[in-house]
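This briefing goes through one protein chain by topic. The sequence and the structure come before the notes.

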Amino acid sequence: MSKKRKITIITGFLGSGKTTLLTNLLKDPSLKNTAVLVNEFGRVGLDHHLLRRVDERTLLLGGGCLCCTVREDLVNSLRELLDHDHRGDIEPLDRIIIETSGLADPAPILFTVLTDTVLQHHFEIDQVIVTIDAVNGQLHLDRQPESMKQAAVADKMIITKTDIASKEETEQLVSRLRLINPSADIIESVYGDVDSVELFAPNEKVNHNVSGSFDTSVKGHHASNTQTISLTFDQPLDWSAFGLWLSMLLHARGQDVLRVKGMIDVGDRGPVLLNGVQHIIHPPEHLDEWPDEDKRSHVVFIMRSIESEQILLSLHAFQDILGSRASIREKMEVH
Ligand SMILES: Nc1nc2c(ncn2[C@@H]2O[C@H](COP(=O)(O)OP(=O)(O)OP(=O)(O)O)[C@@H](O)[C@H]2O)c(=O)[nH]1
C-alpha cells in the first residue's frame with residue numbers, strides 16, 4: 001500500500017494566531033504537497049494550495065459522547081481530496097493541514113479519521129498543534145474549558161504574540177502549560193515565525209517529570225479538577241493485557257481522560273508509543289530505539305474528575321496479567 005498522507009491539526013483559541021501561523025508555514029516550499037482544510041468561511045485562498053471549506057455539520061453517533069462524533073463534512077472533504085490525488089489532477093499529496101475554528105474540539109476530527117473505513121487506510125494523524133496567545137492565554141485557561149482541553153490534547157504548543165507579552169507573562173504561561181501537558185513540545189513564536197522542520201518533526205517525548213519545570217510563582221488561578229499523573233512500571237508490560245485495561249478505562253471514563261501518552265516497554269528492543277485523546281487511541285507505533293537511557297514504561301494521563309489512586313488501584317488489580325507493577329511517579333493538580 002502507498003504511504004499514508006499525514007494529517008496535522010492546527011487548533012487554538014479564537015484569535016490566538018492559527019491563520020497567521022498557517023499562512024507563514026505555507027510560504028515554505030517544502031510544504032508544496034500540502035493541502036489545507038479550513039472550517040470557517042470567509043478565508044482568502046492561498047496561492048497554489050488547495051483550500052477546502054469544511055462546514056461544522058456533524059453527525060452524532062450512538063451513545064451521545066461528543067468526542068465520538070463523526071464529522072461527515074470532513075469525511076467528504078478528505079475523500080474528495082483523495083480522489084483528486086488518485087486522478088493526478090493536483091500535486092501529489094503528502095500532508096493535509098486542518099485548521100479548526102477556535103472553539104472546535106479536535107477529538108471528533110481524530111475520531112473521524114481513525115474510524116472511517118476508507119480514510120484510515122489513506123491518512124494518518126501526524127500531530128495536533130495548538131496556538132496559545134501569550135497575552136491572553138492565562139485568561140482563556142481560567143475561563144474557557146475548550147482552551148484547557150486544547151492544551152491537553154496538544155502534541156506541540158505554539159506560544160504566539162511573545163512580542164507583545166512581558167517575559168514574565170510568557171514564562172508563567174509556559175510553566176502552567178507544562179503542568180497541564182508535560183508531554184507536549186513548547187515553541188515560542190512571533191507572527192507565525194516557526195521552523196517548519198522543527199514543527200513537523202515527530203514528538204516522541206513523554207516527559208516523565210510532571211513537575212520538572214514547575215514555577216511555584218504560578219498561583220492564583222481558579223481551582224480545577226484536572227490532574228496530570230505520570231505512572232511508571234517496574235517490568236515489561238504484556239501489551240494485550242495493557243490494551244485491555246486501557247480499553248476498559250476509556251470505555252468507562254473516556255470523556256474524563258483528556259489525554260494519555262506513553263512509551264511502553266513490551267520486552268522488544270524499542271518501545272511502543274501510545275497516544276490517545278479521550279476515547280480515541282491512535283494506532284500504536286513501535287519505535288526502533290528508546291529515545292534515552294530510561295527504558296522503563298511511562299504513561300502520562302491528563303484527567304478530569306478521576307482520582308489518580310483509582311487508576312493505580314485498577315492497575316494493581318490487573319497486575320498479574322500485566323506482568324508489572326505500576327507506581328505513581330508524579331502527580332499534579334493543574335489549574
Ligand atoms: N503582535 C502579534 N500579533 C499577532 C501574532 N500572531 C498573530 N497576531 C495577530 O493576532 C490577530 C489574530 O490572528 P489570527 O492568525 O487571525 O488568529 P486565529 O487564531 O486564526 O483567529 P480566529 O480564526 O478568529 O480564531 C491578527 O491580528 C494577527 O495579526 C504575534 O505573534 N504577535
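Which residue in β8 stands opposite Val 130? Met 157 in β8 is the residue opposite Val 130. The model is a predicted one. The protein chain has eleven helices and 16 strands, and 41% of its 335 residues count as buried. Of the contacts between residues at least 6 apart in sequence, 75% join residues at least 24 apart.

**Strand β7 and its partners**

- Strand β7 covers residues 123-133, and ten of its eleven residues are buried.
- Strand β1 (residues 5-12) pairs with β7 in the parallel sense, over eight bridges.
- In that pairing, Ile 10 stands opposite Ile 129 in β7.
- Strand β8 (residues 156-160) also pairs with β7 in the parallel sense, and this pairing runs over five bridges.

**Domains and their contact**

- Contact between the two involves 17 residues of domain 1 and 16 residues of domain 2.
- On the side of domain 1 that touches domain 2, α3 (106-115), α6 (145-153) and α7 (167-180) each supply at least two residues.
- The residues on that side of domain 1 comprise 14 nonpolar, two polar and one charged.
- UniProt, in an unreviewed entry, lists residues 226-319 as "domain: CobW C-terminal".
- Residues 226-319 are 28% helix and 35% strand, and the C-alpha atoms at the ends of the span lie 26 Å apart.

**The largest nonpolar core**

- In soluble globular proteins, nonpolar side chains tend to be buried together.
- The largest nonpolar core here has 73 residues.
- The residues with the most contacts inside this core are Leu 110, Ile 129, Ala 151, Ala 154, Met 157 and Phe 301.
- β7 gives the largest share of this core, six residues.
- This core lies between domain 1 (5-200) and domain 2 (226-334), because both give residues to it.

**Helix α6 and Ala 151**

- Seven of the nine residues of α6 are buried.
- The buried residues of α6 are Ser 147, Met 148, Lys 149, Gln 150, Ala 151, Ala 152 and Val 153.
- Leaving aside residues up to four places away in sequence, Ala 151 touches Val 130, Ile 132, Leu 141, Met 157, Leu 177, Ile 180 and Asn 181.

**Val 260 in strand β11**

- Val 260 lies in strand β11 (residues 257-264).
- Val 260 is buried because 20 other C-beta atoms lie within 10 Å, and the cut-off for buried is 20 or more.
- Beyond residues up to four places away in sequence, Val 260 touches Leu 274, Gly 276, Val 299 and Phe 301.
- Among those contacts, Phe 301 is also one of the residues with the most contacts inside the largest nonpolar core.
- Val 260 and Asn 136 are 124 residues apart along the chain, and their C-alpha atoms are separated by 27 Å.

**Leu 322 in helix α11**

- Leu 322 is in helix α11 (residues 319-322).
- Leu 322 has 23 C-beta neighbours inside 10 Å and therefore counts as buried.
- Excluding residues up to four places away in sequence, Leu 322 touches Leu 237, Asp 238, Ala 241, Phe 242 and Trp 245.
- One of these, Phe 242, is 80 residues from Leu 322 in sequence, while the two C-alpha atoms are 6.1 Å apart.

- Lys 161 is a residue other than glycine with a positive phi, near 60°.
- Lys 161 lies in the loop between β8 and α7.
- Lys 161 is buried, because 23 other C-beta atoms lie within 10 Å.
- Ser 305 is not a glycine either, and its phi is positive at about 55°.
- The loop that holds Ser 305 runs between β15 (298-304) and α10 (308-317).
- Is Ser 305 buried or exposed? Ser 305 counts as exposed, because it has 10 C-beta neighbours inside 10 Å and the cut-off for exposed is 12 or fewer.

Notes
Residues are numbered from 1 along each chain as its sequence is written. This is a predicted model: local features need pLDDT of at least 70, side-chain atom pairs count only at pLDDT 80 or more; totals for chains, interfaces and linings use all residues. Helices (H or I, at least four residues) and strands (E, at least two) are DSSP runs, numbered from the N terminus. Two residues are in contact if their C-beta atoms, placed from the backbone, lie within 7 Å. Two strands pair if DSSP finds at least two bridges between them. Ala, Val, Leu, Ile, Met, Phe, Trp, Tyr, Cys and Pro count as nonpolar, Asp, Glu, Lys and Arg as charged, and the others, Gly among them, as polar. UniProt positions are given in the numbering used here, feature names are shortened, and annotations may be inferred rather than shown by experiment. A nonpolar core is a set of buried Ala, Val, Leu, Ile, Met, Phe, Trp, Tyr and Cys residues joined through C-beta atoms within 7 Å. Domain bounds come from an automatic or database domain assignment.
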